[in-house]
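Morning, everyone. Let me walk you through one model today. Please have a look at the screen.

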Amino acid sequence: SHVVCTPPAANVIKTYSPNLMVHPLMHESPFHSTPSTLASPVIAMLAHLHSLVIGPGLGRDDLMQATVAEVITAAKEHKIPLVLDADALWLIQKQPDLVKGYKECVLTPNVVEFGRLAES
């Protein structure tokens, strides 16, 4: 399993299980880079993945959310199944067209997240 996270989270996640391959590639604002630049190494990994889970621990930082939007777009182009939870659902609430009509995507909202998604 691969875990893509922020640098501060990498060591904590790595201590959870030595079997995880941890990639500290994500960054929050203020980080002087573009979402496309930050998404690029994650997108390069997509050819080696069978599915992608996005959301837990993501946060709502604008740079992080924009980076994830680029990753979701690329994952769809690669026809990779997606499971979106937690703060990835916040992104989908703001940009529902990211997954609209994509049959290989599963949303896993709780009651509050479902309410926000239904209103978007």
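Predicted model: local features only at pLDDT ≥ 70, side-chain atom pairs only at ≥ 80, totals over all residues.

Now the helices. How do α3 and α4 lie to each other? Helix α3 covers residues 62-77, and helix α4 covers residues 87-94. Their axes come within 10 Å and cross at roughly 80 degrees. That value falls between 65 and 115, so α3 and α4 are roughly perpendicular to each other.

Who meets whom at that crossing? From α3 we have Gln 65, Val 68, Ala 69 and Ile 72. From α4 come Asp 87, Trp 90, Leu 91 and Ile 92. Sort the contact by class, and there are six nonpolar residues, one polar and one charged.

On to the sheet. Three strands form an open sheet, in the order β3-β4-β5. The pairing is parallel. Which strands sit at the edges? They are β3, residues 52-54, and β5, residues 105-107. Each of these pairs on one side only. Neighbouring strands here are turned by 15 degrees against each other on average, with direction ignored.

Look at one of those pairings. Strand β4 spans residues 82-84, and three bridges join β3 to β4. The two run parallel. Within that pairing, Val 53 stands opposite Val 83 in β4.

Next, the loops around β4. Between α3 and β4 you find Lys 79. Its phi is near 60 degrees, a positive value in a residue other than glycine. Is Lys 79 buried or exposed? Its relative accessibility is 65%, so Lys 79 counts as exposed.

With a relative accessible area of 21%, Ala 86 is partly exposed. The cut-off for buried is under 20%, so Ala 86 does not count as buried.

Now back toward the start of the chain. Thr 6 has its place in the loop between β1, residues 2-4, and α1, residues 7-16. Thr 6 has a relative accessible area of 18%, so this one is buried. What does Thr 6 touch? Leaving out residues up to four places away in sequence, the list is Pro 24, Met 26, His 27, Glu 28 and Met 64.

The peptide bond from Ser 29 to Pro 30 is cis, with omega near -10 degrees. Pro 30 lies in the loop between β2, residues 21-23, and α2, residues 35-45.

Last stop: Ser 120. This serine is in the segment after α5, which runs 111-119. A polar atom of the Ser 120 side chain lies 2.8 Å from the backbone oxygen of Leu 117. How far is Ser 120 from Gln 93, in sequence and in space? They are 27 residues apart in sequence, and 5.6 Å apart in space, C-alpha to C-alpha. Ser 120 counts as partly exposed, because its relative accessibility is 43%.

Thanks. Over to you for questions.

Notes. Residues numbered from 1 in each chain as written. Heavy atoms only, no water. Axes fitted to C-alpha atoms, helices over the stretch in contact; angles between N-to-C directions. Helix = DSSP H or I, 4+ residues; strand = E, 2+ residues; numbered from the N terminus. Parallel < 35°, antiparallel > 145°, perpendicular 65-115°, else oblique. Contact = heavy atoms within 4.5 Å. Nonpolar A, V, L, I, M, F, W, Y, C, P; charged D, E, K, R; others polar. Buried < 20%, exposed > 50% of the residue type's maximum accessible area, 1.4 Å probe, protein only. Polar contact = N/O pair within 3.5 Å; in protein donor to acceptor, adjacent residues only side chain to side chain. Pairing = 2+ DSSP bridges.
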